Amino acid sequence: MTDTAASSSKGSPSEKKAPRRGFFGRIMLFIRQVLAELGKVVTPTRRELVRFTITVLVFVVIMMLIVTALDLVFGRAALWVFAG
């Protein structure tokens, strides 16, 4: 097996020890990380949003048809088996 960066680390991911933070320090760190991640979010254009919405609606309709068909098939099979 080859030695990779992930398998060669022993203990913590980095050699530097992070300073021990208190309760409020950890909350502030979390909020800063959330804001940094929100800054990376890309808002879709109107065209993309319409395309995604149509795709989801078509998928939902297809799934509804499949579930309806299976319900009818299993319902009729149950009636055939149990209603003699």
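How many aromatic pairs does the count come to by the ring rule? I count 1 aromatic pair; the rule pairs rings of Phe, Tyr and Trp (its six-membered ring) if their centres lie within 6.5 Å, with planes under 30 degrees apart taken as stacked, over 60 as edge-to-face and the rest as tilted. I find the ring centres of Phe23 and Phe24 5.3 Å apart and the planes at 75°, so I log the pair as edge-to-face.

Basis. I am working on a predicted model, where local features need pLDDT of at least 70, side-chain atom pairs count only at pLDDT 80 or more, and totals for chains, interfaces and linings use all residues. Residues are numbered from 1 along each chain as its sequence is written, and side-chain values use heavy atoms, with hydrogens and water left out.

Exposure. I use buried for under 20% relative accessible area, exposed for over 50% and partly exposed for in between (1.4 Å probe, protein chains only). Phe23 is exposed at 54%, and Phe24 is exposed too, at 64%. Of the 84 residues in the protein chain, 0% are buried.

Salt bridge. I looked for a side-chain nitrogen of Lys or Arg within 4 Å of a carboxyl oxygen of Asp or Glu, and the structure holds 1 such bridge. It joins Lys40 and Glu37, at 3.2 Å from N to O. Lys40 is exposed at 57%, whereas Glu37 is partly exposed at 47%.

Elements and confidence. I list 3 helices and 0 strands, as DSSP runs (helices H or I, at least four residues; strands E, at least two) numbered from the N terminus. Mean pLDDT (the predictor's confidence in each residue, from 0 to 100) is 87 for the chain, and 79% of its residues reach 70 or more. Where pLDDT is low, the predicted coordinates should not be read in detail.
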